[in-house]
Amino acid sequence: MQQTLEQILKFSKLAAAFAAACCAYFFGEVDNWLTCFLFFIMLDYFTGIIAAFIEKALSSKVGAVGIAKKVLLLIIVALAHRLDIVLGANGVLRCAVLGFYIANEGLSILENAARCGIAIPAPLASALAQLKNGKNITGPARQQNAVENTEENNEDAA
């Protein structure tokens, strides 16, 4: 019995090492970008299930389509990573793709929360929208956005 448990433990370690190697090969370094993306994928899927449950619209077909779409997102990230290697872009393309999909998944999470009747903080929705649109939400770009918003508000008031 003890020998069987040791063999299972050894196999589990080997499987985990293999999975980590595959992850690194396909998606690059397991950094904050990738972990955030994977976390947002899971949150989006689960908040979608919660929203469908509340709306009494749970469907295994819709859930399967959702999983298939998440797999396609992972394939696109892998594609961006491999292109980065070929082009010698040092991860720029991968981070851009991950940033876009993080924002997209984040907005989807907020939409699912809104479907459940949860109020969404405007600054959070705005930050995710800016990330999705490729805008820098810190530094000079943030100040420029504030100036543009002030100018628009002044025109609306006139």
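Author: Let us begin with Thr 47, whose side chain makes a polar contact with the side chain of Asn 112 at 2.9 Å; a polar contact is a pair of N or O atoms within 3.5 Å, where, within protein, one must be able to donate a hydrogen and the other to accept it, and residues adjacent in sequence count only if both atoms are side-chain atoms. This is a predicted model, in which local features need pLDDT of at least 70 and side-chain atom pairs count only at pLDDT 80 or more, while totals for chains, interfaces and linings use all residues. Residues are numbered from 1 along each chain as its sequence is written, and side-chain values use heavy atoms, with hydrogens and water left out.

Thr 47 has its place in helix α2, which covers residues 32-54, helices being DSSP runs (H or I, at least four residues) numbered from the N terminus. The side chain of Thr 47 also reaches the backbone oxygen of Asp 44, at 3.1 Å. If we leave aside the neighbours within four places in sequence, Thr 47 is in contact with Ile 109 and Asn 112, where contact means heavy atoms within 4.5 Å.

Turning to the helix pair α3 and α4, we find that α3 (residues 60-87) and α4 (residues 92-115) pack with their axes 7 Å apart, at an angle of about 160°, the axes being lines fitted to C-alpha atoms over the stretch in contact, and angles running from 0 to 180 degrees between N-to-C directions. That makes α3 roughly antiparallel to α4, a description used for angles over 145 degrees.

Methods. Helix = DSSP H or I, 4+ residues; strand = E, 2+ residues; numbered from the N terminus. Parallel < 35°, antiparallel > 145°, perpendicular 65-115°, else oblique.
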